[in-house]
Amino acid sequence: MKKSIQHLVVFLVLAFLYMPILILTFYSFTSSTMIGSVRGFSLDNYVTLFTEPALLSMMGGTVVLALGVGLLSTILGSLGAIGSFYSKRGTRLFVELANDIPIANADVVTGFSVCILTIVIFGIDKSTFVPLVVAQTALCAPFVYLSVMPRLKSMDPALFEAALDLGATPVKAMIKVVIPHIFPGILSGFMTAITLSLDDYFIATYTKPATFDTISTYVVNATRGSQTQIKTALWALSAIIFAIVVIAVVIMNLNKVDSEEERI
Amino acid sequence: MKNAIFNRKQLAVPYMLFLLLFVILPLLVVVYYGFTDAEGHISLANFIGFFANPRTLGTLIYSLVIAVIVTIICLCMAYPVALILAKGAYARKHAFLMVFVLPMWINFTLRITALKEILTLIEGNLALYPFINTIICMVYDFLPFMIMPLFNSLTKLDNSMLEAGADLGANRAQIFIHILLPLSIPGIISGVTMVFLPAMTNYVVLDMVYNSTYIMGSLIGSYFSSYDWNNGSLISAILLMMIGMFTILADRFTMEKEA
């Protein structure tokens, strides 16, 4: 391919991916109620976003849920990876197979099946948040497992034995030797779990308490309604999330460049 | 004494119990519910009903059509991008991949909302083109999930293979068909798996662009709203079977290629 065609392809696909979100970000700073009609600069959308109680509670709820599910998934997934790494082949095979199920499965099916089990069969009340947290953890923990496992495989198995020979207890060896080595995997698993929880719509719909909303379920309900004030406040939310993601990606890449330079 | 109490293998026990209880058991329950009637008797009535009813059968076909179209468009858009990023003018700029996968981290309902505003501006009334809008929104949503695995498989590909092909007199088209394409099949398969299934089940996209036709996911949603656990489970079981077959086929295909 000619260089100019390559640049054109890259430009067109980027335009497709970014144009909507950039245009929406621009209009979130105006008093327009639909894009295309230019009105003056205004921060009203941002004021609504941070003063309207329904919006505040749905944003707060989403973040707290994501952090909780992220933490739970990270603990379960990481311990699961360490344990299965040191287990017999059969056990490990079982864990890997079961671990792959939620990853390959459709979110609709994951959400619906956990809903049937926890709510219909076990009779757990939705408003306890137990079905929601369990179902989202079932989706997220396998991704933590997958991101921790390669770090374990890349670790010199003699390190743990060496720590024991030097007098560390197994628990201490685990905390001082194994955990630090696999920590980057744990961290990236935690981040993945959080993003998955933040992005989830289907699992939340089937298992969430009736009065609780995440960003996804709130947005979908808002598009059915006709409240323009809420609609444009959500533009402001998109702009903020976009900014956070961009900043996070830039910081991550700067760190990567730093650590690569250190290695040289 | 501590040696006797602490065993590294035991660390997996909580996760194994969790997987058994909340991953495997729910699926068994869904399969059981799918093949029983409301009184709890084993029955194939739901299963036969699904394939005998033109409405539900039509839903299956409609979701397959949407999934095939979305997957093909994603593949055709993602392949050149992944190739350019892995082997072309941007090959040395690895951070560039991030720019393409970054949208993945923004909540998909907000991204679809943004695209909807643009489409409304262009089309006037979204409800006039439900099918096309569904396709556009799904491609927009899933494209990064296709670019990533394609990039991963193309970037691992040894450049000397391509150079050897060129030295032996192959032209660009021959290099593509005989070297690039066969070697990137694992990437294509994993990209297709990541797009095809969501395209059959992500009914929120259809809801958001006012497409009232059902796909497989919408059936689960509507049975859920009417507390029809048996039929909802049956749809889940059918989707599970499709996922299972898909995974086995994909595994076999990648293994053959690697062998």
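**Exercise 1: a loop residue in chain A**

Find where Phe129(A) sits in this predicted model, and work out whether it is buried, exposed or in between.

*Solution.* Start with the place: Phe129(A) is in the loop that links helix H5 (107-121) to helix H6 (130-153) of chain A. Next, count neighbours. There are 17 C-beta neighbours inside 10 Å, so Phe129(A) counts as partly exposed; being buried would take 20 or more, and being exposed 12 or fewer. Finally, look at the backbone. Most residues other than glycine have a negative phi. Phe129(A) has a positive phi, near 70 degrees, and it isn't a glycine.

**Exercise 2: a loop residue in chain B**

*Solution.* Second, the phi of Tyr210(B) is positive, about 60 degrees, though the residue is not a glycine. Third, Tyr210(B) has 17 C-beta neighbours inside 10 Å, which means that it counts as partly exposed.

**Exercise 3: checking a helix**

*Solution.* Last, pick out the buried positions of H2(B), among them Tyr15(B), Phe18(B), Leu19(B), Phe22(B) and Pro26(B). Keep in mind that an α-helix has 3.6 residues a turn, so residues three or four places apart point the same way.

**Exercise 4: where the chains meet**

How many residues of each chain are in contact with the other chain?

*Solution.* Count both sides: 67 residues of chain B are in contact with 67 residues of chain A. On the chain B side, H2(B) gives the largest share, 15 residues. Sorted by class, that side has 49 nonpolar, 12 polar and 6 charged residues.

**Exercise 5: inside the core**

*Solution.* The core has 137 residues, and the two to pick are Ala82(B) and Ile147(B). Domain 1 (56-225) and domain 2 (228-264) of chain A both give residues to this core, so it lies between them. Leaving out residues up to four places away in sequence, Ile147(B) touches Ala78(B), Val81(B), Ala82(B), Phe100(B) and Val101(B).

Now move to Leu150(B), which is in helix H7 (residues 130-156) of chain B. With 25 C-beta neighbours inside 10 Å, Leu150(B) counts as buried. Setting aside neighbours within four places in sequence, its contacts include Ala78(B), Ala82(B), Ser184(B) and Ile188(B). Pro80(B) is 70 residues away along the chain, yet the C-alpha atoms of Leu150(B) and Pro80(B) are separated by 9.7 Å.

**Exercise 6: chain A as a whole**

Describe the make-up of chain A, from helices to domains.

*Solution.* Begin with secondary structure: there are 11 helices and 0 strands. The C-alpha trace spans about 70 × 60 × 40 Å along its principal axes. Of the 264 residues of chain A, 42% count as buried. Then take contacts between residues at least 6 apart in sequence: 73% of those in chain A join residues at least 24 apart. As for domains, chain A is divided into domain 1 (56-225) and domain 2 (228-264), with 23 Å between their centres, taken over C-alpha atoms.

Terms used. Residues numbered from 1 in each chain as written. Chains lettered and ligands numbered in written order. Predicted model: local features only at pLDDT ≥ 70, side-chain atom pairs only at ≥ 80, totals over all residues. Helix = DSSP H or I, 4+ residues; strand = E, 2+ residues; numbered from the N terminus. Contact = placed C-beta atoms within 7 Å. Domains from an automatic or database assignment. Nonpolar A, V, L, I, M, F, W, Y, C, P; charged D, E, K, R; others polar. Core = buried A, V, L, I, M, F, W, Y, C linked by C-beta atoms within 7 Å.
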